[in-house]
Amino acid sequence: MAKLTYYGLYALQHRGQESAGLATSDGARINVYKDMGLVSQVFDENTLNSMQGHLAIGHCRYSTTGASHWANAQPTLGPTSAGTVALAHNGNLTNSAELMEMVKDEQEESGEKVRGEIAQGNTTDTALVTALLNGAEGESLEETALSLLPKLRGAFCFVFMDEHTLYAARDTYGVRPLVLGRLERGWVVASEQAALATVGASFIREIEPGEFIAIDEEGVRSQRFGAATPAACVFEYVYLARPDASINGRSVYESRVEMGRQLARENSADADIVIPVPESGTPAAIGYAEQSGIPFAHGFVKNAYVGRTFIQPSQTLRQLGIKLKLNALEPVIKGKRVVVVDDSIVRGNTQRAVVRMLREAGAAEIHVKISSPPVKWPCFYGIDFATRAELIANGAAVEEISKSIGADSLAYISEDGMINATEQKRERLCTACFTGDYPIALPGSDRIGKNLLERSNQAGCEPGPDAEFESALTAEDKTPRN
């Protein structure tokens with residue numbers, strides 16, 4: 001199971017590149033191994049062989065709550081009234097401050113000191129949920145989870161397990177995708193269908209918003225912990241999901257191609273070639289070329305060994321990653337009027353670098369076309385552009401952005417054009433990053449944010465990582481823990 005989970009994580013590497021981890025259970029104990037880096041860097045054959053068991057969960061992290069360091073890697077591990085729980089989380093909770101107070105209240109009632117991953121310096125919403133799954137004496141993990149899940153706010157997809165049972169849950173809004181698959185002798189839950197295909201599992205269905213499932217030797221049990229109020233993230237269709245994913249019955253690839261077609265209908269240009277910013281801009285560029293009749297060409301060579309610059313945790317790493325990631329093909333570009341298609345502009349770093357490379361390669365004109373509307377608002381549901389100050393479209397007109405990135409022209413798809421391409425009803429999508437319309441209520445600014453729990457630690461509200469703990473962290477601390 002460890003090796004199957006490893007390959008499933010490999011298929012989901014695009015969703016997080018900061019750390020990776022695995023937990024397995026042989027029915028008697030849970031073993032956890034995690035470290036900073038890509039899936040291929042964290043695990044080797046010996047590690048995977050040592051992780052025996054018939055249950056496993058895995059995670060590759062993209063930090064949206066808590067800093068990017070080892071103490072925040074997942075899966076998280078914690079005690080329960082009947083054993084142990086290991087938990088992996090995709091999403092971002094918006095009531096972490098409230099959950100932190102619940103953890104503190106439970107500690108005061110029990111008279112126990114803080115323990116588990118929070119005591120070791122974990123400052124994520126995932127660690128708070130793990131601590132709250134401890135449960136009352138005599139209460140099963142399933143009972144505790146069904147009591148806790150309705151109290152969580154925000155976007156979450158959980159996979160977690162004790163020594164005997166695998167569990168999964170998806171928030172009532174269904175912001176992030178979660179799917180169920182069938183192996184010949186078992187079951188799989190994953191963020192996207194690509195992971196199912198990679199491990200040889202057949203797709204059964206999407207896990208519904210507000211659904212909780214348990215999987216043991218008797219099969220799958222399902223129940224609801226809340227009424228579904230769908231608001232799936234439209235940015236999954238635009239960028240985040242793999243193109244071979246399908247969300248709510250709609251192919252992500254087909255959605256992106258249609259976004260390109262609609263972009264051409266709305267924003268035509270006189271040009272010689274259409275090129276994508278690989279890889280996420282490729283389907284839309286294909287659609288743009290198809291609709292406009294302008295020939296499609298590959299204008300960049302991509303270094304396959306560089307990850308997604310958008311989800312790098314710092315501005316410096318993003319800028320370095322862009323320079324390493326792409327090289328312009330001068331024979332294709334020189335003397336041409338170029339339409340270059342990308343999926344989105346967030347901070348503007350990628351587009352600035354792309355336009356500069358095309359100029360240096362001799363492009364006669366550069367017309368940038370974007371297959372999503374301007375990103376003007378922060379996301380609090382699992383995408384890390386958390387302040388408006390980071391967003392180039394915040395307060396700037398299209399002409400100003402075009403000048404800022406050095407293009408001859410810039411055009412975005414309309415909001416309606418993007419939504420229509422997904423074939424989803426507007427009211428069933430979250431478009432907050434484009435519209436500022438947040439489907440899940442947000443707390444005050446002092447009770448939300450990526451570094452909320454770090455700030456609380458500094459204020460003395462909860463114990464956190466200290467210098468002694470951080471400096472003492474060695475490779476020996478990163479071996480599997482029971």
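Trainee: Is C379 buried or exposed?

Mentor: This is a predicted model, in which local features need pLDDT of at least 70 and side-chain atom pairs count only at pLDDT 80 or more, whereas totals for chains, interfaces and linings use all residues. Residues are numbered from 1 along each chain as its sequence is written, and side-chain values use heavy atoms, with hydrogens and water left out. Buried means under 20% relative accessible area, exposed over 50%, and partly exposed in between, with a 1.4 Å probe and protein chains only. Since C379 has a relative accessible area of 11%, C379 is buried.

Trainee: What is the largest C-alpha distance among the residues of the UniProt "binding site" annotation?

Mentor: According to the unreviewed UniProt entry, the annotation covers C233, C379, C430 and C433; such annotations may be inferred rather than shown by experiment. Although these residues are spread over 201 residues of sequence, they cluster in space, and their largest C-alpha distance is 10.1 Å.

Trainee: Which of these residues does the lining of the largest cavity include?

Mentor: A cavity is a set of points, on a 1 Å grid over the protein atoms alone, where a 1.4 Å probe fits but cannot get out, and lining residues have an atom within 4 Å of a point. The residue in question lies in the loop between β20 (365-370) and α15 (398-405). Of the annotated residues, the lining of the largest cavity includes C379.

Trainee: In which helix is C433 placed?

Mentor: C433 counts as buried at 8% relative accessibility. Leaving aside neighbours within four places in sequence, C433 is in contact (heavy atoms within 4.5 Å) with F235, P374, V375, K376, W377 and F385. Helices are DSSP runs of H or I with at least four residues, strands are E runs of at least two, and both are numbered from the N terminus. The helix that holds C433 is α17.

Trainee: At about what angle does helix α1 run to β3?

Mentor: Three strands form an open sheet in the order β2-β1-β3 with antiparallel pairing, where two strands pair if DSSP finds at least two bridges between them. Strand β1 (residues 19-25) pairs with β3 over seven bridges, and G21 stands opposite H59 in β3. Angles run from 0 to 180 degrees between N-to-C directions of axes fitted to C-alpha atoms, for helices over the stretch in contact. Helix α1 (residues 2-11) lies across β1 and β3, and its angle to β3 is about 25°.

Trainee: Which residue in β10 stands opposite L180?

Mentor: Another open sheet of three strands has the order β9-β8-β10, also with antiparallel pairing, and its edge strands, each pairing on one side only, are β9 (186-190) and β10 (202-206). Neighbouring strands of this sheet are turned by 30° against each other on average, direction ignored. Strand β8 (residues 179-183) pairs with β10 over four bridges, and the residue in β10 that stands opposite L180 is R205.

Note on methods
1 Å grid on protein atoms, 1.4 Å probe; cavity = no way out; pocket = protein on both sides within 12 Å on 5 of 7 lines; lining within 4 Å.
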